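Visitor: Could we take a close look at one residue, and then step back to what the rest of the model shows?

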Amino acid sequence: DDGERETRVEERLIKKKDGGGGSDSFREGDKIEADYRGRGKFYPGKISRDRGDDTYDIDYDDGERETRVAKRLIRSKEGSGGSSKLEEGDKVEARYRGREKYYPGKITRDRGDGTYDISYDDGERETRVEERLIRKKDRDRSRSRSRGGDDRLSEGDKVEADYRGRGKFYKGKISRDRGDDTYDIAYDDGERELRVAKRLIRKLDGGSSDSFREGDKVEADYRGRGKFYKGKISRDRGDDTYDIAYDDGEREMRVSKRLIRKLDGGSGGDSFREGDKIEADYRGRGKFYPGKISRDRGDDTYDIAYDDGEREIRVAKRLIRKIGGGSDSFREGDKIEADYRGRGKFYPGKISRDRGDDTYDIDYDDGERETRVAKRLIRSKEGSGGSSKLEEGDKVEARYRGREKYYPGKITRDRGDGTYDISYDDGERETRVEERLIKKKDGGGGSDSFRE
């Protein structure tokens, strides 16, 4: 029928079209269930090739393939003719470009060869999509195998799952329904897990209020790099992805909902947000050290960047406490001093733009400009922290190499991260000494001290 011709075909490779082989025979394209690898469990799929010797090649609905499956391991899917047939105008979900995620759309053309043209709800178009990559929107729930209703999990559902069966549930989203009561899960903290059994998953109640609308003010993890920036939803794609216009002028399309959070009212006062200044019980040893939340894992644990350079991941919320304050924030127009290009020397200037992510643009008094300067490299010009604040030129005593005894010296450089370089009176030098190991010499900040 497709115009091809073939000569001298053996009889065993030919079957009559009408009544050839009775009702127990399968044809290419038939929807079936087959005992995958003979393990005793049947999975739904489609006959992709009739080998002519009572064996068949099968394309399973979950993407697996199997060749030369014996007829005795295959059974017809009841009701595979009729309502499951795709027609022009049908509302469907399809795996765009063969990717794992289904997107909603409509059949615009039946090509007559088991492929279809689709117009997606987000404006995209795709031609000659294979039938195995398409599912009808209306029958999505009918595949629940008489399990009955609301316990069925669907792709996109917000869930909690027992990660690797270790007994602790983490929040995430169903990224793929394998069709055999196992699911792939994309966790909110970035982890992924395949073929998780349904018994290890539970639905999160009320998964609709966390939806975003065009115009909503949000924070989003730009390019999935782990840092959130402020912006606004500019377009809802209708498939749990959104276009975002960031406050700093950047734009990003098709950002996954799990990478976005609303700006207003982020879940109460006892919660921490990325960028918050905190103190945390380092490794649970009972002593708190200052730092900053670098990542919210979404399960009441946080990654922390400590002021002394250490890092710690998945710190429990109970081991963290906020350092009271927003007063250390800068506003546009504030007069400041900043460590130009992080070279260790502070120059006077003015905040020209607040980027909203703890970085600032600075116009220096000498005419230089610098963009996205980290807050830790900036200090207020007026009254930078009282007499206890250490400054370059201060006379101090410090515990050399962390030993118990204090030695006199002078601050030669403020590193801007809570550490200092010291030139000792006996000629020794030491770099990056922690502030807790230094104490000001009485009267060290007075008129008898000189600065560079």
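Visitor: Does T419 count as buried or exposed, and at what relative accessibility?

Guide: Buried: T419 has 5% relative accessibility, and buried means under 20% relative accessible area, with over 50% exposed and anything in between partly exposed (1.4 Å probe, protein chains only). Before going on, keep in mind that this is a predicted model, where local features need pLDDT of at least 70 and side-chain atom pairs count only at pLDDT 80 or more, while totals for chains, interfaces and linings use all residues. Residues are numbered from 1 along each chain as its sequence is written, and side-chain values use heavy atoms, leaving out hydrogens and water.

T419 belongs to strand β33, residues 419-424 (strands are DSSP runs of E, at least two residues, and helices runs of H or I, at least four, numbered from the N terminus). Setting aside neighbours within four places in sequence, T419 makes contact with R413, D414, R432, V433 and E434; contact means heavy atoms within 4.5 Å.

Stepping back, the protein chain has 35 strands and zero helices. Of its 452 residues, 40% count as buried. Among contacts with a separation of 6 or more, 41% come from residues 24 or more positions apart.

Over at β1 (residues 31-35), five bridges join that strand to β2 (residues 42-50), and the two run antiparallel (strands pair if DSSP finds at least two bridges between them). K31 has K46 in β2 as its bridge partner. Six residues lie between the strands of this hairpin, and R37 takes a positive phi near 55 degrees there. β2 is also joined by five bridges to β3 (residues 55-60), again antiparallel, with G45 opposite Y60 in β3. That hairpin has four residues between its strands, and G52 has a positive phi near 85 degrees.

Y60 turns up again in a cluster that ring pairs form with Y36 and Y43. The whole structure holds 15 aromatic pairs (Phe, Tyr or Trp rings, six-membered for Trp, with centres within 6.5 Å; planes under 30 degrees apart are stacked, over 60 edge-to-face, the rest tilted). Y96 and Y103 are edge-to-face because their planes stand at 80 degrees, with centres 6.4 Å apart, and both residues are buried. Y163 and Y170 are edge-to-face too, since their planes are at 85 degrees, with centres 6.3 Å apart; Y163 is buried at 13% relative accessible area.

Finally, R135 puts its charged end over the ring of Y102, 3.8 Å from the centre (NZ of Lys or CZ of Arg within 6 Å of the ring centre and within 35 degrees of the ring normal). R379 has its charged end over the ring of F346, 3.9 Å from the centre.
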